Amino acid sequence: MTLALEAVSYRHAGALRPALRDISLAVAEGEVLGVTGLAGSGFEEIPYLMFGAWSPKSGRLALDGNDLDLTRMQPSRAIALGMALIPADRQKDGSVGSLSIADTARLLKIRGRAMQKAVPVGVGAMAALLG
């Protein structure tokens with residue numbers, strides 16, 4: 001399984017400069033990728049764009065053979081692909097802030113069935129845990 005982002009650009013409404021400009025990255029099975037930076041540098045936006053919670057100006061997501069246009073990505077599609085969004089502030093925005101990231105991802109249920117294999121994406125652990 002592989003995950004890749006290609007040419008992702010995003011600008012917050014009303015912002016003069018883009019938060020992300022033409023960002024690309026790839027993670028292969030068994031790899032863990034951490035992305036960080038100063039507040040406002042754009043790293044916090046990446047998981048929300050991958051999951052379809054926010055819509056970028058441009059970009060593509062390749063996940064396990066699926067090539068997706070991120071400008072049209074929806075959370076329902078991300079969930080169908082086995083992705084789970086773990087927000088940066090789990091205490092405020094997560095469903096169960098007292099649990100670990102792994103336990104929070106395991107709790108996600110879709111139409112009454114638990115996800116067997118999720119690809120968690122989130123700022124707290126900006127990692128694609130593949131394999």
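Is Asp 69 buried, partly exposed or exposed, judged by its relative accessible area? In this predicted model, Asp 69 is partly exposed, with a relative accessible area of 26%, and this residue takes part in a salt bridge with Arg 72. The chain that holds this pair has 131 residues, of which 37% count as buried, and its secondary structure comes to 4 helices and 8 strands. The points below begin with the chain as a whole and then turn to its core, its charged residues and its backbone.

**The chain as a whole**

- Among the contacts in the chain with a separation of 6 or more, 52% are made by residues 24 or more positions apart.
- The chain exposes about 7700 Å², and carbon and sulfur atoms supply 51% of that area.

**The largest nonpolar core**

- In soluble globular proteins, nonpolar side chains tend to be buried together.
- The largest nonpolar core in this chain has 20 residues, and the ones that touch the most other members are Leu 5, Leu 61, Met 73 and Met 83.
- Two or more residues of this core are given by each of the elements β1 (2-10), β2, α1 and β3 (58-63).

**A buried acidic residue, Glu 45**

- Glu 45 lies in the loop that runs between β2 (20-28) and α1 (46-51).
- Although Glu 45 is buried, it has no salt bridge, and the nearest side chain of opposite charge, that of Arg 11, is 12 Å away.
- What the side chain of Glu 45 does make is a polar contact with the side chain of His 12, at 2.5 Å.
- Leaving aside residues up to four places away in sequence, Glu 45 touches Tyr 10, His 12, Ala 19, Leu 20 and Trp 54.

**Salt bridges**

- The count of salt bridges comes to 2.
- One of them joins the side chains of Arg 60 and Asp 67, with a distance of 3.1 Å from N to O; Arg 60 counts as partly exposed, at 32% relative accessibility.
- Another is formed by Asp 69 with Arg 72, where the closest N and O atoms are 4.0 Å apart.
- Within this second pair, Asp 69 counts as partly exposed because its relative accessible area of 26% falls between the limits of 20% and 50%, whereas Arg 72, with a relative accessible area of 67%, is exposed.

**Positive phi outside glycine**

- Asp 22, placed in strand β2, has a phi near 55 degrees, which is a positive value in a residue other than glycine.
- The relative accessible area of Asp 22 is 52%, and it therefore counts as exposed, the limit for that class being over 50%.
- Asp 22 and Ala 7 are 15 residues apart in sequence, yet their C-alpha atoms are 4.1 Å apart in space.
- Apart from residues up to four places away in sequence, Asp 22 touches Ala 7, Val 8 and Ser 9.
- Asp 64, which is also not a glycine, has a positive phi of about 50 degrees, and its place is in the loop between β3 and β4 (66-69).
- At 48% relative accessibility, Asp 64 counts as partly exposed.

Definitions and conventions. Residues are numbered from 1 along each chain as its sequence is written. This is a predicted model: local features need pLDDT of at least 70, side-chain atom pairs count only at pLDDT 80 or more; totals for chains, interfaces and linings use all residues. Side-chain values use heavy atoms; hydrogens and water are left out. Buried means under 20% relative accessible area, exposed over 50%, partly exposed in between (1.4 Å probe, protein chains only). Contact means heavy atoms within 4.5 Å. Accessible areas come from the Shrake-Rupley method with a 1.4 Å probe; for residues, only the protein chains shown count as cover. Lys and Arg count as positive and Asp and Glu as negative; His and the chain ends are not counted. A polar contact is a pair of N or O atoms within 3.5 Å; within protein, one must be able to donate a hydrogen and the other to accept it, and residues adjacent in sequence count only if both atoms are side-chain atoms. A nonpolar core is a set of buried Ala, Val, Leu, Ile, Met, Phe, Trp, Tyr and Cys residues joined through side-chain atoms within 4.5 Å.
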